[in-house]
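The sequence and structure are shown first.

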Amino acid sequence: MIPNLFKKEPIPELLPEGMAKVVEELKTCRSQDECLSKAFEVLTSKYRGYKFKTYTKIWRVFETDLEKLWARSGFLHCHLMNYLLRILLVKSGWFRDEDLTLKISFIWYISIHQHLLVRMNDGRRIHADIWYAYYGKKLGDYAHGFH
């Protein structure tokens with residue numbers, strides 16, 4: 001089975017140095033909204049989705065080494081970006097892992113895709129799809145169908 005795709009992997013205790021610095025910055029946010037926006041911004045500036053690299057780099061779906069994932073930039077599979085987002089949000093102290101739900105959709109109705117649904121303290125639910133941000137989708141939207 002592909003790690004982090006259909007079930008949540010545990011949040012690690014130790015983080016890579018650069019990731020730990022981002023977490024410290026997120027702890028200073030004034031609200032959940034600010035924390036989510038900043039974490040989303042950090043990850044969308046570092047990683048991006050490529051529709052066809054999803055298949056040409058298929059062996060990377062099994063990666064689990066957090067040091068290697070954080071050291072990389074550019075293309076990353078959707079479920080790995082969501083794993084990194086979960087870590088940032090939970091370690092920030094603004095969210096619990098229970099607030100973050102893995103959601104599966106299909107792009108072009110054939111390609112499996114994952115994004116996060118984030119439950120806010122006030123009851124709102126916000127879709128976070130880092131992978132699809134490169135294609136112009138903002139926080140609150142996600143890839144599905146031909147969308």
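## Residue K46 and its surroundings

Apart from neighbours within four places in sequence, K46 is in contact (heavy atoms within 4.5 Å) with W70, A71, R72, S73 and G74. K46 lies in helix α2; helices here are DSSP runs of H or I with at least four residues, strands are runs of E with at least two, and both are numbered from the N terminus. With a relative accessible area of 22%, K46 is classed as partly exposed, because that class lies between buried, under 20%, and exposed, over 50% (1.4 Å probe, protein chains only). The C-alpha atoms of K46 and L76 are 9.7 Å apart in space, while the two residues are 30 apart in sequence.

## Basis of the model

The model is predicted: local features need pLDDT of at least 70 and side-chain atom pairs count only at pLDDT 80 or more, whereas totals for chains, interfaces and linings use all residues. Residues are numbered from 1 along each chain as its sequence is written, and side-chain values use heavy atoms, with hydrogens and water left out.

## Overall architecture

The protein chain contains six helices and five strands. Read from the N terminus, the order of elements is α-α-β-α-α-β-α-β-β-β-α. Of the 147 residues in the chain, 48% are buried. Among contacts with a separation of 6 or more, 63% join residues 24 or more positions apart.

## The helix pair α2 and α5

Helix α2 (residues 32-46) and helix α5 (residues 78-92) have axes that come within 10 Å and cross at roughly 145 degrees. The axes are lines fitted to C-alpha atoms over the stretch in contact, and angles run from 0 to 180 degrees between N-to-C directions. The crossing of α2 past α5 is right-handed, meaning that the near helix is turned clockwise from the far one by less than a right angle. On the α2 side the contact is made by C35, L36, A39, F40 and L43, and on the α5 side by M81, L84, L85, L88, L89 and S92.

Helix α2 has 15 residues and reaches 21 Å from first to last C-alpha, close to the expected 21 Å; the expected span is 1.5 Å times one less than the number of residues. The buried residues of α2 are Q32, E34, C35, L36, A39, F40 and L43. Helix α5 is mostly covered, with 13 of its 15 residues buried. After α5 comes G93, whose phi is positive, near 90 degrees.

## The nonpolar core

A nonpolar core is a set of buried Ala, Val, Leu, Ile, Met, Phe, Trp, Tyr and Cys residues joined through side-chain atoms within 4.5 Å. The largest one has 39 residues, of which M19, L43, L84, L85, L88, L89 and V118 touch the most other members. Its largest share, nine residues, comes from α5.

L43 touches W70, M81, L84, L85, L88 and I130, residues up to four places away in sequence not being counted.

## Residue Y132

Y132 lies in helix α6. Y132 is buried, with a relative accessible area of 4%. Y132 and T44 are 88 residues apart in sequence, yet their C-alpha atoms are 9.1 Å apart in space.
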